[in-house]
Number of protein chains: 2
Amino acid sequence: MTAQHKKPEIGFIGIGVMGRSMASHLLEDGYGLSVFNRTKAKAEDLLAGGAVWCEAPGEAASRADIVITMVGYPRDVEEVYFGAEGILASCRSGSLLVDMTTSSPELAERINDKAKSKGCTALDAPVSGGDIGAREAKLSIMVGGEAEAFERMLPVFQVMGKNIVYQGKAGSGQHCKMANQIAIASTMMGVCESIRYAEEAGLDPQTVLRSIESGAAGSWSLSNLAPRMINGDFEPGFFVKHFIKDMNIALESAEKLGLEARGLALARSLYEELAGEEGGEDRGTQALYTLYR
Amino acid sequence: MTAQHKKPEIGFIGIGVMGRSMASHLLEDGYGLSVFNRTKAKAEDLLAGGAVWCEAPGEAASRADIVITMVGYPRDVEEVYFGAEGILASCRSGSLLVDMTTSSPELAERINDKAKSKGCTALDAPVSGGDIGAREAKLSIMVGGEAEAFERMLPVFQVMGKNIVYQGKAGSGQHCKMANQIAIASTMMGVCESIRYAEEAGLDPQTVLRSIESGAAGSWSLSNLAPRMINGDFEPGFFVKHFIKDMNIALESAEKLGLEARGLALARSLYEELAGEEGGEDRGTQALYTLYR
């Protein structure tokens, strides 16, 4: 036996665009990986790289010290944790369950409670930074749960992200991500309306950007998404349907907290209108611009 | 006679917080200055520095090669240009009339037409950057009018600002400023709702900022105004009443252009609600936050 610590075994559930990049960084860093995904084909690169295939979330959990989930919607989170072949039915006592999906704070609290009753610990740790952030291991990770569990998980987070911040008790990571999405929602209306106004007024929107993006009107969305709007590029960086999912969670959560978020409510209604158009929900969020034409 | 060009004489009308800084930069740079302001006391520093006091806008215009106006509302712009003792009644043929007030694009076009009929040239050149930008001569200046007039004015603009961009024909500077305000309006709702959500969810909003301000939720408003909201500092950088003025112009102008700017309309209605509270209109725009409490 050497003095070197053995790295914990990781179960990784959800090999989508984000999950694939995140899991491959872990594999490259020397972590043993057990993976599950609804569609096995998406895991093939990882399996070729040494990851072990599992037939259910519970199987991956039973082999792991740390279980990471990165799935789609809260209903998927619910299923992989609480389902018959789910994580909570099979996780080892002492293991750490980390949901990195953007999901509801309330669900994060429920997972945390149930994990405790199994002798496990849970963290909610949604990310921002998108597919590029995942690929470049530069995700921003917002973490809720027990502080000790955060410390234990930190070296693993550092393989996938850069700006890793502990936000507080269970659910706080999800709440922080909601605060993030709430800020984006109204900003997107402002960016679309600003650019469409400039165009209708006969100005060159690129020249307008030169005037306004470095000042008080500046935002990530203005600098990164307005140029795509102007160029008619509506390819998804971040899908309309996923943004609507997030806004739904945020609105529901805001309502529970007694907060009337009118900008957010308007933004969601506009995005729903957009999603109702053919192909609308599979476009990038910058397609909101088309609604103003 | 030397080869050195004599600097043009400048008439400066409107010595408020912004105008005072701008005019003093011109004076320090060696321009001859004739000034008018409704309240003479505000011009005293400039007069002590060598500026000449005038009893009316027209008197300042009659002494100047270049007339700069920096007043409050479109009705003030209207008065200083079209009033009985206004600029257009007394300006010298060949002079350059530059309105740097944030005002309506339509009024800028009317000034331009009338100036032409007097053998003069007009520019609309509103700014962003606020009192600090004015003090540090770092204003962003958005310019509409004839390109030759822009070139002639550029050395003067450079004494007051940094990011000086020609946007197109008469009215384009004002339109660009409206695009700027439109982007800010909805972003402000997003920032307030995000911070209030974080607080209601029991998170530390400063810690939330650490997670979100450098990513896709980032904006000038989030980085610069959210900290003031959190600290309960609602002192005016930019007055609520002036922002409402700008949003009114923007909405009227958007309507004429056939653009339904729903985020902007909602933001204006919220700011009007805020202005209806005691002292509300004299607070800084970040006071929108208080409406969500």
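**Terms and values**

Author: In chain B, helix H4 (residues 74-82) packs with helix H6 (residues 105-117) at an angle of about 5 degrees, and their axes are 11 Å apart. This is a predicted model, in which local features need pLDDT of at least 70 and side-chain atom pairs count only at pLDDT 80 or more, while totals for chains, interfaces and linings use all residues. Residues are numbered from 1 along each chain as its sequence is written, chains are lettered from A and ligands numbered from 1 in the order in which they are written, and side-chain values use heavy atoms, with hydrogens and water left out.

Reader: Why is H4(B) called roughly parallel to H6(B)?

Author: Angles under 35 degrees count as roughly parallel, over 145 as roughly antiparallel, 65 to 115 as roughly perpendicular and the rest as oblique. The angle here is about 5 degrees, so H4(B) is roughly parallel to H6(B).

Reader: Which residues make the contact of H4(B) with H6(B)?

Author: Contact means heavy atoms within 4.5 Å. H4(B) contributes B:Pro74, B:Val77, B:Glu78, B:Tyr81 and B:Phe82, and H6(B) contributes B:Leu107, B:Arg110, B:Ile111 and B:Lys114. By class, six are nonpolar, none polar and three charged. Ala, Val, Leu, Ile, Met, Phe, Trp, Tyr, Cys and Pro count as nonpolar, Asp, Glu, Lys and Arg as charged, and the others, Gly among them, as polar.

Reader: What makes B:Thr187 buried?

Author: Its relative accessible area is 3%. Buried means under 20%, exposed over 50% and partly exposed in between, with a 1.4 Å probe and protein chains only, so B:Thr187 is buried. B:Thr187 lies in helix H9 (residues 172-200) of chain B. Not counting residues up to four places away in sequence, B:Thr187 touches A:Ser186, A:Thr187, B:Ser219 and B:Ser221.

Reader: How many cavities of 30 Å³ or more does a search of the whole structure find, and what makes a set of points a cavity?

Author: The search finds two. On a 1 Å grid over the protein atoms alone, a cavity is a set of points where a 1.4 Å probe fits but cannot get out, and lining residues have an atom within 4 Å of a point. The largest cavity has a volume of about 80 Å³. Among its 15 lining residues, the closest to its centre are B:Asp99, B:Ala108, B:Ile111, B:Leu123 and B:Asp124. H6(B) gives the largest share of that lining, four residues.

Reader: What lines the second largest cavity?

Author: That cavity holds about 60 Å³ of space. Its lining includes A:Leu97, A:Asp99, A:Ala108 and A:Ile111. The classes are six nonpolar, one polar and two charged residues.

Conventions
Axes fitted to C-alpha atoms, helices over the stretch in contact; angles between N-to-C directions. Helix = DSSP H or I, 4+ residues; strand = E, 2+ residues; numbered from the N terminus. 1 Å grid on protein atoms, 1.4 Å probe; cavity = no way out; pocket = protein on both sides within 12 Å on 5 of 7 lines; lining within 4 Å. Points joined across faces, edges and corners; volume = space filled by probe spheres on them.
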